[in-house]
Structures are given as C-alpha cells and as structure tokens.
Amino acid sequence: MPAPDALALLALTPLFQDAGRDTLEGLARHARFATFERGDGVFRAGDPADVLYIVAVGSVRIYRAQRGGREFTLGVDGPRHVLELASVLGGDHRHAAHAQALVTPTTVLTLPADRLRHAILHKPALAGAVIAHLARRDAEHHRRLDALVFRDVGARLASYLLEQPTPHALPTNSDLAALLGTVPEIVSRKLGEFYRLGWIDLHRRCVTVVTPAELRRLAGDG
C-alpha cells in the first residue's frame, strides 16, 4: 500500500487524531503494511516490541497462554485499534502477550517504536492521547476481569454484542468463547437463544443487534 493510505489510517486512528498533520506525515513516511491470514501470529509474548501495530483491516486477538495450552483472551482489536501500546512504551520493550489474526486477510500498519517515542516526547497533544489510551485500556481490563468473575456467560455475551458495531462479523465460536471465558458449546447455545428471542439477527456469522434494550437489560446496563 502506498504512503497516502498509511497517512489516512493514522488520521482515522483515535490515538493520533490530535497529533497534527506534520507529525502524521513524518510517521507515515516510516510506516509499512503487513498482511496475515487467519490463525497467523502477528507477534508473540517475549518478542521485541520495536514497532507499534495498528489494525487496518480484519481483527486481531490479544491473548496469554499458560502451561498446558490453556489460553486467556485479553481482547479483540479491529480497524484503527493499536496493539499492545504499553509494551512498545514500557521499560523492557518486549511484548507481554501474543497476537493472532482472526480473519483473512488481516492487515496491520507498523510504525517504528523509536519514531513513535520521539513524536510523543515532542508533541504534548499526542502524549496526552497516549496517557488517555493507556488509562482507558486499564479500565477495560478491570471491567473484563469483573465480568469474568461476577457475571454469567449470557451477560458477558450481551455486553460483547453491544460493544461491537452492528452488523458485526462474529469471530468463530472458539475465539468468542476464549474472549468470554467459556466454551464454544455455551456460546453457540446463547447465540441461538438470543436469535430465537428476536434480540439479534444472524446470517453467515454476521450478527445484527435488533433489540439493544433487551441486551442492555441482560448485561445489567439498563
């Protein structure tokens, strides 16, 4: 992809929207695109965090793996989301989690970490956006932990559906189960239940929320 596409993506990414045209142009000159197929690893825990990844097309799962093969999904990031910013800016500059492409194609934009750090140091607006982003992600992780501990699968699924654009291309039941902290069979059963109740419409893994008020009630938000 040519540089103008990189510039356009940066301009649409919330983290960079207040950075200024000159800053974005400087970053775009050093940006590169990379494309992955479903299941490909974008990076692994322990890899050097020497570039920042921004999702351009598709979606990426951020997860941690335990001994024995069990995986815990921290989040799923779609277009215009940055991946593992804290690792890129952290002290040891190594990724704390794994990242995996969920759909084909998934395309990410890469920015050299040293260029990003330089821009943050010299652009107060960008530094403020980075602080806000890190605080927001920390709050999201706390909410997710609370949901896993205190809410049932139906409420967690309802919250997930409300957070996504509608219509929304669902990940596989296995990936969605990993995100919600359950098993694929329960995800399938709950999706079918929501469909039969008329709360959602499903067509070839594309879901449309029909009655958001009912999902908010189940999620405890209404």
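Leaving aside neighbours within four places in sequence, Thr23 is in contact (heavy atoms within 4.5 Å) with Ala119 and Lys123. Thr23 sits in helix α2 (residues 21-28), where helices are DSSP runs of H or I with at least four residues, numbered from the N terminus. With a relative accessible area of 8%, Thr23 is buried; buried means under 20% relative accessible area, exposed over 50% and partly exposed in between, with a 1.4 Å probe and protein chains only.

A word on the basis: this is a predicted model, where local features need pLDDT of at least 70, side-chain atom pairs count only at pLDDT 80 or more, and totals for chains, interfaces and linings use all residues. Residues are numbered from 1 along each chain as its sequence is written, and side-chain values use heavy atoms, leaving out hydrogens and water.

Ala119 brings us to helix α4 (residues 113-122), where Ala113, Leu116, Ala119 and Ile120 are the buried residues. They span an arc of only 125 degrees around the axis, so they lie on the same side of α4; the arc is that of the directions from the helix axis to the C-beta atoms. Leu121 and His122 are exposed on the other side of α4.

Now to a helix pair. The axes of α6 and α8 come within 10 Å and cross at roughly 70 degrees; axes are lines fitted to C-alpha atoms over the stretch in contact, with angles from 0 to 180 degrees between N-to-C directions. The residues that meet are these:

| Helix | Residues in the contact |
|---|---|
| α6 | Val153, Gly154, Leu157, Ala158, Leu161 |
| α8 | Ile186, Lys190, Leu191, Phe194 |

Terms used. Helix = DSSP H or I, 4+ residues; strand = E, 2+ residues; numbered from the N terminus.
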